[in-house]
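Hello,

Here is the structure I promised to pass on to you.

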Amino acid sequence: MIEVKNLVKEFTSDEGVFRAVDDVSFKVNNSEIYGIIGLSGAGKSTLVRCLNKLEEPTSGEIIIDGVSILDLKQEDLLRERKDIGMIFQSFNLFMQKTVYDNIAYPLKINKMSKADINKRVMELLNFIGLEDKKDSYPSQLSGGQKQRVAIARAIATNPKILLSDEGTSALDPANTQSILSLLKKIVEEYKMTIIMITHQMEVAKDICDRIAVMEKGKIIEENTASELFKNPKHAMTRSFIKNLSGPDYESGPMFTDFKNPVYRLAYLDANYNEPILSKCIRKFDVDINLIAGNINQLKERSVGYLVVEIIGEEKEREKAIDYLKSQNISVEVVEHE
Ligand SMILES: Nc1ncnc2c1ncn2[C@@H]1O[C@H](COP(=O)(O)OP(=O)(O)OP(=O)(O)O)[C@@H](O)[C@H]1O
Ligand SMILES: [Mg+2]
């Protein structure tokens with residue numbers, strides 16, 4: 001388990017002190033895919049760079065499987081670092097080395113025998129599906145292929161943790177999907193823990209078990225992917241989901257023409273089999289006018305959204321809403337503009 005406690009990272013310059021990471025605490029379980037999402041400048045890269053000590057934190061604690069890595073001596077730190085692999089948006093491959101040599105590099109550093117290196121590199125090439133490219137140079141590969149090689153290199157020494165800093169940001173949607181599948185396969189087959197940074201909710205939603213939203217150096221909201229999508233609390237989280245869901249998610253000019261209040265309902269896939277709306281109409285003296293709807297498919301679950309006008313006397317409307325809430329549906333008024 002990774003435990004980050006009250007982590008602070010400050011940069012000092014002529015203009016003063018700038019807090020890029022501001023008192024951040026979170027835990028990541030083993031074999032979990034933990035997403036950190038935020039706008040540019042939120043402090044995401046600085047935070048993960050602290051995790052593998054590319055950056056020296058100003059204060060706080062980082063505990064990996066019970067070991068506080070900030071107290072480690074140089075030699076212990078090197079061993080600990082071997083347990084953390086990292087991939088980047090820009091792939092960072094050695095351009096003068098072949099695919100084979102790129103993947104072999106960390107194994108050579110670890111003084112593995114030539115025969116063992118060969119065995120491991122061939123195994124990894126098979127895992128990423130690029131055996132036929134072993135003698136190619138990075139310049140001869142597509143973006144998606146380069147990232148596959150970077151992933152193979154990052155996991156070559158079998159680290160416990162893989163950090164991805166915008167690992168799919170430079171890729172088109174098809175390549176993004178194939179890299180996300182590869183990351184899922186890494187968790188399934190190698191039981192690795194992945195922390196992935198992204199500014200794209202569509203990436204986080206496909207793969208993350210839990211998602212933390214970062215703004216101005218702080219984690220402002222954290223939840224399981226399904227709860228975050230069903231019940232986003234913070235404006236920043238809403239705007240990330242809204243960008244993904246289209247205009248039906250929240251207020252818009254299209255919702256201003258209704259006489260009765262307009263609500264946004266959000267519900268998990270467990271609700272899909274229940275005829276909740278028709279029951280609601282039969283139980284209470286209300287009508288429901290469907291305005292918009294969509295579904296967000298997450299890693300394991302999906303979350304549905306409906307925008308509805310509930311027509312009726314206020315008392316009946318309130319009873320209907322209480323009933324919907326009792327059925328585990330989150331209900332929010334869509335503000336008229
Ligand atoms: N070495 C540094 N010295 C001074 N300020 C820095 C340094 N590194 C980062 N910062 C500042 O810290 C803040 C957070 O930067 P960081 O790179 O962590 O953001 P980010 O969330 O990864 O953004 P992006 O999505 O653009 O990659 C920024 O305002 C940045 O200018
Ligand atoms: Mg960054």
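This is a predicted model: local features need pLDDT of at least 70, side-chain atom pairs count only at pLDDT 80 or more; totals for chains, interfaces and linings use all residues.

Residues are numbered from 1 along each chain as its sequence is written, chains are lettered from A and ligands numbered from 1 in the order in which they are written, and side-chain values use heavy atoms, with hydrogens and water left out.

Back to the ligand. Helices (H or I, at least four residues) and strands (E, at least two) are DSSP runs here, numbered from the N terminus.

Polar contacts are pairs of N or O atoms within 3.5 Å; within protein, one must be able to donate a hydrogen and the other to accept it, and residues adjacent in sequence count only if both atoms are side-chain atoms. Oxygen atoms of ligand 1 take part in several of them:

- Ser 40 has a side-chain N or O atom 2.5 Å from an oxygen atom of ligand 1.
- Thr 46 places a polar side-chain atom 2.6 Å from an oxygen atom of the ligand.
- Gly 41 uses a backbone N or O atom, at 2.8 Å from a ligand oxygen.

On its own, ligand 1 has 640 Å² of accessible area, and the protein covers 57% of that. Accessible areas come from the Shrake-Rupley method with a 1.4 Å probe; for residues, only the protein chains shown count as cover.

One residue of the shell has a second point of interest. Glu 166, in the loop between strand 7 (161-165) and helix 6 (173-190), has a phi near 55 degrees, a positive value in a residue other than glycine. Glu 166 counts as buried at 8% relative accessibility, where buried means under 20% relative accessible area, exposed over 50%, and partly exposed in between (1.4 Å probe, protein chains only). Ser 31 also has a positive phi, near 60 degrees. Ser 31 sits in the loop between strand 2 and strand 3 (33-38) and is partly exposed, with a relative accessible area of 28%.

Now to the salt bridges, each a side-chain nitrogen of Lys or Arg within 4 Å of a carboxyl oxygen of Asp or Glu. The count comes to 19. Among them is the pair Glu 332 and Arg 264, whose closest N and O atoms are 2.8 Å apart. Glu 332 lies in strand 14 (residues 330-334) and Arg 264 in strand 11 (residues 262-268), so this pair ties together parts that are 68 residues apart in sequence. Both Glu 332 and Arg 264 are buried. Salt bridges with shared partners also join Glu 10, Arg 19, Asp 22 and Lys 218 into one network.

Asp 209 and Lys 299 form another salt bridge, at 2.9 Å from N to O. Asp 209 is in the loop between helix 7 (201-207) and strand 9 (210-215) and Lys 299 in the loop between strand 12 (287-297) and strand 13 (302-311), so the two link parts 90 residues apart in sequence. Glu 55 pairs with Arg 49 at 3.1 Å between the closest N and O atoms; Glu 55 is buried at 17% relative accessible area, whereas Arg 49 is partly exposed at 29%.

Finally, the whole chain: it has 11 helices and 14 strands, and its C-alpha trace spans about 80 × 50 × 35 Å along the principal axes. Of its 337 residues, 50% are buried.

Best wishes
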